[in-house]
Each structure stands twice: as structure tokens, then as C-alpha cells.
Amino acid sequence: MKYARIEHEGRSYPAVLMDGGWVELDGDLAEVYAGQPPGPKRDSPTITDPRFLSPYSGGTIFGIGLNYKQTIDEMGFPMPEEPYLFPKLACSVTGPNDPVVADPEVSTEVDWEGELAVIIGKPAHKVCIADALDHIWGYTAANDVSARDIQRRDPQWVRGKGLNTFCPLGPVAVSKDEISDPHDITIRTWVSGELVQDGSTSDMLFRIPELIEYLSRYFSLQPGDIILTGTPSGCGGFMDPQRFVKPGDDMRVEVGGIGTLHNPVIASDSGS
């Protein structure tokens, strides 16, 4: 099944894709991710051309760095022995087609990272690798936008990864039964029409069950929590010469089986 949060005729609400289009749910996405999906709202019209919003339901967002072998080689780093973990803040979440703010007074090195995001669907604490996939509800697309200059200055990555609008998610949330193999999914990113990332989740160093086992060893994962699983090679900060997005650019992240996440880049947004 495919679910989304949509906007239509001035209203925003959760919806499910049914024959012919999107139908409003008689509940919310948190119920969907917890395995208790509400049915369609009675007499709700079918919408064929909604504006998609982020399918985020308010959970914790865990970022994983250095998780694609080609990316690690591109960066010139040694292969990590365990996943590299950082948080993405709730204020960083934004939706498809919404702007990403690259404020030059804050950062002049804003970079893209197209990713597959895992949505947790069942509480997980100290689960083993063999059982880890049972705790997944499904998947969405993400762009782990990063301020490389801030990352270099800080001993941790909270600022560099957690700025407002730095976590686009969407356009839809796809239940795991629709993804036959999450480790065989294409991820492509375009910046202002130029293809900059063209990779596959098959290049992951730590696969999704390992990530869930690792995270649940230290934290209790809850339905609606999100794991950003890392990015393929092709980020601007590791090009020669380096390339970063600037106001007026746009970013498109395409994740196979999920769709395309588009975000224009602007200089400031007082409402962010």
C-alpha cells in the first residue's frame, strides 16, 4: 500500500492510494505505521492531483553516515567497523516540492544526499538481525541535506545535519510488501537537471537489518521512527572541484519503487 499526507483545496490530511487516486483516511499516519491503519473516510472524494506533503508522523529520525562503500572510497576514509550515527531534528523535516533553505549567512557549503529511509512499524529493543525486518513498516525517500562547512567545524553533526528544512521526506510512504528487496533499489539525484548520484542500495556497508540491530541495542525504536540509511557516491562536497547548491538550484531525489522527491533551494524563509 502507498500512503501520503496530501493537500487539496486548502486542506491537508493523510490519504491512501486506491483505484483511481488518493482517498482521505479516517485517522492518521501514526496509526498506519503502528499497524492499525484506519480505513478510508466515508464519502471522501478521490483526488487524482494532490499536493504531497511529508509523510513524517513525528518519530525520532536516525541518520547513518559512511554507509556506502563507494562513498567511503570517494571520501578517502577507512571503512568503519560500526555504523556512524547522528540525529536529524524534527525542525529539519520538510515535504516534497517545499523549499530547502541554503542561507549563505549560515552555510556556503550545502550538499545533497539522496537516500532510502526506513519507517519503523513495530517497537524494537535489542532485536537480533534475523528478526529486524519484522520491525519495519515500510520506506520513503529522503534527502539528507548537509552543511559541510559546519560539519567540519563541529565535533558532532547536529548543526550540520539538523538545520531547518534539511530533511526532505516523501513523496509517499510505501509499505514493505511493495519493496521486494530493499538492498536492490536505485537512488538517483539531480541538481538543476544534472545527474549527480546514480547508485544502488546494494552498495550498503551495513544493511538494514544490521542498522536496526545496532540502533535497538542502545535505543527503543517506536512506530513512526525513521532511519536514513546513507547515501551513494556523488555528493558535491567530495567532487573535484567541489560543488554545492545555491539559491535558485533545485534538487530531485528518485528512489526506485517510491518516487521522486523534489525541492527548490532558496536563500531564506522567515517561516521556516
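Tutor: Let's start with a rule: two strands pair if DSSP finds at least two bridges between them. Strands themselves are DSSP runs of E with at least two residues, helices are runs of H or I with at least four, and both are numbered from the N terminus. The model here is predicted, and local features need pLDDT of at least 70, side-chain atom pairs need pLDDT 80 or more, while totals for chains, interfaces and linings use all residues. Residues are numbered from 1 along each chain as its sequence is written, and side-chain values use heavy atoms, with hydrogens and water left out.

Student: How do you know that strand β15 and β16 pair?

Tutor: Count the bridges: β15 (residues 186–191) and β16 have six, in the antiparallel sense. The rule asks for at least two, so they pair. As one example, Arg188 has Asp198 in β16 as its bridge partner.

Student: What makes β9 and β16 edge strands?

Tutor: They belong to an open sheet of five strands, ordered β9-β19-β18-β15-β16, with mixed pairing. β9 (100–101) and β16 (194–200) each have a single partner strand, so one side of each has no neighbour in the sheet.

Student: And β14, what makes it "largely enclosed"?

Tutor: Buried means under 20% relative accessible area, exposed means over 50%, and partly exposed is in between, using a 1.4 Å probe and protein chains only. In β14 (residues 167–175), nine of the nine residues are buried, so the rest of the structure largely encloses that strand.

Student: Which way do β1, β8 and β12 run against β14?

Tutor: β1 (residues 2–8) is antiparallel to β14, with two bridges, and Tyr3 stands opposite Ala173 there. β8 (residues 93–94) runs parallel to β14, also through two bridges, with Thr94 opposite Pro168. β12 is antiparallel to β14 and has four bridges, one of them between Ala142 and Leu169.

Student: What else does Tyr3 partner?

Tutor: Tyr3 has a bridge partner in β2, namely Val16. β1 and β2 (residues 11–18) share six antiparallel bridges. Their hairpin has two residues between the strands, and Glu9 there takes a positive phi near 50°. Next along, β2 joins β3 (residues 21–24) by four bridges, again antiparallel. In that hairpin, also with two residues between the strands, Gly20 has a positive phi near 100°.

Student: Why is helix α6 said to be largely enclosed?

Tutor: Eight of the eleven residues in α6 (residues 208–218) are buried, so the rest of the structure largely encloses the helix. Among them are Ile208, Leu211 and Tyr214. The cover includes β6 (61–65), β7 (84–88) and α3 (129–132).

Student: What makes something a pocket, and what is the volume of the largest pocket?

Tutor: On a 1 Å grid over the protein atoms alone, a pocket is an open set of points with protein on both sides within 12 Å along at least five of seven lines, whereas in a cavity a 1.4 Å probe fits but cannot get out; lining residues have an atom within 4 Å of a point. Grid points are joined across faces, edges and corners, and the volume is the space filled by probe spheres set on the points. For the largest pocket that gives about 360 Å³. The lining has 24 residues, with Met75, Arg148, Gln151, Trp157 and Phe238 nearest the centre.

Key: Contact = heavy atoms within 4.5 Å.
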